[in-house]
Amino acid sequence: MTLAGILLDYQANLSPPEGFMRRLRLPHKESVEVGLPPDLLEAVARALITALEQRDVLTANHCRMVGELAGETALVLGLGPAEHHLVVQAGRLHDLGKIGIPDRILHNTNDLDARELAIIRAHVENGEAILGQLNCLSPEFAAITEQVGAHHERWNGRGYPRGLAGEAIPYGGRIIAVADAYSALVMKRSYQEAMSHAEAMAQIAAGAGIHFDPTVVEAFNALDWDDRLNGGG
Ligand SMILES: [Fe+2]
């Protein structure tokens, strides 16, 4: 049976086909109870990240780092396995919309005019437009799309694209925003030198309550940085 056939069969009978049942009992049980097998989420995320990698390796690497850091932060914040899994996938896909941004803008984000700035900022809505095609499959995909759409919102309401503030910003989007900022600061790019871990953490701490949800910043600080910085992460 084709994948499309399996999905149709699954949705029609409200129970997963035999082959999926075994995988449903594996780690992410909670998310399976309300939607599609997590393996499918994982596979779709991997396919989209691979597409992004073929467009721009640095952006894809950044996305992987953000997925990892956002996932670890979600665990510190006490999110359950299902929510954790969604935050990881949304983190990995948060900049998917950059797939269509021209190189001269993608690789030069410190020196953009107003028109170019609008183009780079549109990566949020572009990502939502791509991922939104999958929302019909399950609430998990819709949640991922929503988190991706919120990763440039700011705690003080001065972010984009919607200008949401505080707890009106989807929780996953708030978590990804911190991981995203850290990764952007510590990764060397053609347009910027890499910042040290300490400098990046100081900058994020300064943004708590302004740019970032302060509780997320606190959790981000509490990650096992020794392990990560000494080769464990
Ligand atoms: Fe972004």
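Within what distance do the axes of helix H9 and helix H10 come, and at roughly what angle do they cross? The section on this pair gives the values, after an outline of the predicted model.

## Overall make-up

This predicted model contains 14 helices and 0 strands. Along the sequence the pattern reads α-α-α-α-α-α-α-α-α-α-α-α-α-α. Of the 233 residues in the protein, 36% are buried. When contacts between residues at least 6 apart in sequence are taken, 61% of them join residues at least 24 apart.

## Helices H9 and H10

Two packed helices are described by the angle between their axes and the distance between the axes. For H9 (residues 123–131) and H10 (residues 139–148), the axes come within 9 Å and cross at roughly 170°. Angles over 145 degrees count as roughly antiparallel, and H9 and H10 are therefore roughly antiparallel to each other.

On the H9 side the contact is made by Gly127, Glu128 and Leu131, and on the H10 side by Phe141, Ile144, Thr145 and Val148. By class, the residues of this contact are 4 nonpolar, 2 polar and 1 charged.

## The largest nonpolar core

The largest nonpolar core has 39 residues. Those with the most contacts inside it are Ala70, Leu93, Ile144, Ile175, Val178 and Ala179. Ile144 also takes part in the contact of H10 with H9. At least two residues of the core come from each of helix H4 (38–55), H5, helix H6 (81–93), H10, H11 and H13.

Leaving aside residues up to four places away in sequence, Ile175 touches Ala70, Thr73, Ala74, Val87 and Val216.

## The buried side of H13

Helix H13 spans residues 214–221, and its residues Val216, Val217, Ala219 and Phe220 are buried. They lie on the same side of H13, because the arc they cover around the axis is only 160°. An α-helix has 3.6 residues a turn, so residues three or four places apart point the same way.

The cover over the buried residues of H13 includes helix H5 (57–76), helix H11 (171–186) and helix H12 (197–206). Val216, one of the buried residues of H13, is among the residues that Ile175 touches.

The C-alpha atoms of Ala184 and His62 are separated by 7.3 Å, although the two residues are 122 residues apart along the chain.

How values were computed: Residues are numbered from 1 along each chain as its sequence is written. This is a predicted model: local features need pLDDT of at least 70, side-chain atom pairs count only at pLDDT 80 or more; totals for chains, interfaces and linings use all residues. A residue is buried if 20 or more other C-beta atoms lie within 10 Å of its own, exposed if 12 or fewer, and partly exposed in between; C-beta atoms are placed from the backbone. Helices (H or I, at least four residues) and strands (E, at least two) are DSSP runs, numbered from the N terminus. The arc is that of the directions from the helix axis to the C-beta atoms. Two residues are in contact if their C-beta atoms, placed from the backbone, lie within 7 Å. Axes are lines fitted to C-alpha atoms, for helices over the stretch in contact, and angles run from 0 to 180 degrees between N-to-C directions. Angles under 35 degrees count as roughly parallel, over 145 as roughly antiparallel, 65 to 115 as roughly perpendicular and the rest as oblique. Ala, Val, Leu, Ile, Met, Phe, Trp, Tyr, Cys and Pro count as nonpolar, Asp, Glu, Lys and Arg as charged, and the others, Gly among them, as polar. A nonpolar core is a set of buried Ala, Val, Leu, Ile, Met, Phe, Trp, Tyr and Cys residues joined through C-beta atoms within 7 Å.
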